[in-house]
Amino acid sequence: MGLVLFLMAALWGLGWAMKAPVRARLWMIGLIYLAVVIAQLVLPETAALRMATGGTVQPWLVLGALAALGLGYSAILGRLRRRVKDRTPPPAPQTDTFREAELNRYARHIVLREIGGTGQKKLKAARVLVVGAGGLGSPALLYLAASGVGTIGVIDDDLVDGSNLQRQVIHRDDMIDTPKVFSAQAAMLALNPFIAVRPYHRRLTDDVAATLFADYDLILDGTDNFDTRYLVNRAAVATGKPLISAAITQWEGQISLYHPASGGPCYECVFPNRPAAGLAPACAEAGVVSPLPGILGTMMALEAVKHLTGAGQTLQGRLHIHDGLYAESRTLRIARRAGCACCGGNDDGAGVAIAGPEPA
């Protein structure tokens with residue numbers, strides 16, 4: 001029995017040294033344990049393998065029960081810690097002064113006429129929520145952090161998967177099986193320790209959306225399904241928050257800023273109906289070229305910086321479409337739709353209806 005336990009410990013240590021995911025190491029140890037228990041149950045009492053592994057199944061069953069209790073306790077404790085972390089936002093950074101290191105970090109912003117010191121203070125005081133830490137959220141979050149947005153929230157219920165790493169550049173291989181929001185938080189704070197990051201490891205639902213949005217100045221939507229996109233739009237309209245929304249598929253993407261409270265259309269003004277089945281397949285079905293979400297996600301961050309600082313002209317009232325395969329871009333005028341079921345529209349806004357690509 002001691003030899004088997006030594007083998008298990010050695011395999012665990014080897015997996016740790018090779019940076020194998022904890023889940024993979026647990027599966028490996030579990031399979032060895034299961035093989036030993038089966039051998040104890042089915043082999044004759046005098047069998048060499050059974051004698052070499054203790055000769056009786058009872059100690060192994062006790063060991064398994066203790067391990068199960070330990071893993072269960074660890075899982076419950078981890079869940080409780082995540083809930084406390086989600087519900088206890090970090091203190092907001094000071095917004096009235098910059099440390100010397102911050103002045104050096106944001107120097108290229110400060111010398112820009114359109115941003116300057118005043119605009120950088122606005123960024124530091126701003127609170128931005130990103131819905132989704134996937135293909136679009138990854139570059140958006142990184143550039144929001146790099147730009148010095150003072151408080152960044154990110155909500156996502158998913159775990160990092162190996163298939164994400166082709167395009168979700170905020171995550172790393174050693175973060176596989178980690179909640180995306182905590183992986184993103186680690187990357188953002190490693191890039192810029194002068195910001196506050198609020199991770200919400202949960203799915204966005206109707207019962208929390210409006211309350212959550214009310215605590216932020218700007219919402220960015222990079223989600224991967226139409227149910228959530230319409231939910232985000234409704235909550236943004238209900239709370240009067242501006243919404244930057246982008247979508248991608250295969251080689252093409254689109255982006256706009258929706259803000260009915262300041263006279264622009266909402267997402268549902270432009271897309272009142274979902275595309276018919278098959279017209280807008282998800283990226284898992286249709287595929288997506290790796291740099292495309294980087295282009296559109298970075299544009300989301302750029303629109304956020306412009307909106308927060310008042311620099312230039314945002315995409316409010318305009319829908320920008322980018323075709324990466326042929327390196328072509330075009331921008332369409334969009335307006336509020338009369339009788340919009342979400343924002344009410346207005347009497348003269350005809351709106352524009354376009355079957356947009358499925359988000360990534």
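Helix α14 spans residues 292-309 of this predicted model, helices being DSSP runs of H or I with at least four residues and strands runs of E with at least two, both numbered from the N terminus. Its 18 residues reach 26 Å from the first C-alpha to the last, close to the 26 Å expected at 1.5 Å a residue, where the expected span is 1.5 Å times one less than the number of residues. Among the buried residues of α14 are L292, L296, M300, E303 and K306 (buried: under 20% relative accessible area with a 1.4 Å probe, protein chains only). Just after α14, G310 adopts a positive phi of about 80°.

Turning to the sheet, eight strands form an open arrangement in the order β3-β2-β1-β4-β5-β6-β7-β8, with mixed pairing; two strands pair if DSSP finds at least two bridges between them. The edges are β3 (196-200) and β8 (328-333), each pairing on one side only. From one strand to the next, the twist averages 15°. Within this sheet, β5 (residues 243-249) and β6 (residues 252-258) are antiparallel partners over seven bridges, and I244 stands opposite L257 in β6.

Two helices also deserve a look. Helix α10 (residues 206-213) lies across β1 (127-131), β2 (151-155), β3 and β4 (218-221), at about 155° to β1, contact meaning heavy atoms within 4.5 Å. Helix α11 (residues 226-239) lies across β1, β4 and β5 and runs at about 170° to β5. Axes are lines fitted to C-alpha atoms, for helices over the stretch in contact, and angles run from 0 to 180 degrees between N-to-C directions.

Residues are numbered from 1 along each chain as its sequence is written, and side-chain values use heavy atoms, leaving out hydrogens and water. As the model is predicted, local features need pLDDT of at least 70 and side-chain atom pairs count only at pLDDT 80 or more, while totals for chains, interfaces and linings use all residues.

Note on methods. Buried < 20%, exposed > 50% of the residue type's maximum accessible area, 1.4 Å probe, protein only.
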